[in-house]
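Have the sequence and the 3D view ready.

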Amino acid sequence: FRDSKEGNTPSRMHVALVEQGVSTFRMDVFAHGASDGNFEDLTLSKAVDGVMSAINMMKEMGFKQIGLLGTSFGGMLCLIAASKSSDVDYLVLKSPVIDYVAVESERRDVEKWKREGVIESVTRSGKSYRMGYEFFEDAGKYTGYYLVDKIKVPVLLVQGDLDTIVPVSQSKKLAPLLKDCQLEVLEGCDHWFNGHYFDMFENFAVSFVLKHKKA
């Protein structure tokens, strides 16, 4: 959320996977990084459209196996895309949002947001941004727990037990609902996976990808 394909996770995972002979494609979704769109107009549906386009492009380029890796907001996009596409072979989800309505209702004044149409927020670095109420309305269509019947592929879920942005309870609730899920909860880790926690995630992710990589 508000990150780009040049961020820490996509950049480091690109290097780690390419070193193991796994091709990678990093992308910016709607209103992120180099992509078009105003952030105030962002919705999950618009962002997922970008993921679906990327999947289709990879298929057209001849790739036979496609895995999706996403963090937080990106993790939710991967879940939705996997529920819509038969071309996704596995998912790697790092601190994914499973229920956006629950998360946003907890940290924002939703009634004020609805009344005014937009809400002002501030990033960790102090930069302000505006979100349209359409984001909240659209998010109600996509509760991850209700997508599980459409997700048949292996899933790796990695999250810290000290995550204050996305409750780890969401991942713990989702994991047993999925057909094939490996859940790793990192003790003492927050939402940002600083220091050795990212190394732990990287090891889990690379091992998972190689396990499910077709010869």
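## Charged pairs and a sheet

Arg107 is partly exposed, with a relative accessible area of 41% (buried means under 20%, exposed over 50%, partly exposed in between, using a 1.4 Å probe and protein chains only). This is a predicted model, where local features need pLDDT of at least 70, side-chain atom pairs count only at pLDDT 80 or more, and totals for chains, interfaces and linings use all residues. Residues are numbered from 1 along each chain as its sequence is written, and side-chain values use heavy atoms, leaving out hydrogens and water.

The structure holds 12 salt bridges, each being a side-chain nitrogen of Lys or Arg within 4 Å of a carboxyl oxygen of Asp or Glu. Here are some, including two that involve Glu104:

| Salt bridge | N to O distance |
|---|---|
| Glu104 and Arg107 | 3.3 Å |
| Glu104 and Arg108 | 2.3 Å |
| Arg12 and Asp199 | 2.9 Å |

Arg12 sits in helix H1 (residues 8-18) and Asp199 in helix H8 (residues 196-212), 187 residues apart. Helices are DSSP runs of H or I with at least four residues, strands are runs of E with at least two, and both are numbered from the N terminus.

Is Glu104 buried or exposed? Glu104 is buried, with a relative accessible area of 1%.

Now for the sheet: four strands, open, run in the order E1-E2-E5-E6 with parallel pairing. Strands E1 (67-71) and E6 (181-186) stand at the edges with a single partner strand each, so one side of each lacks a neighbour in the sheet. Strands E5 (residues 155-160) and E6 pair over 6 bridges; two strands pair if DSSP finds at least two bridges between them.
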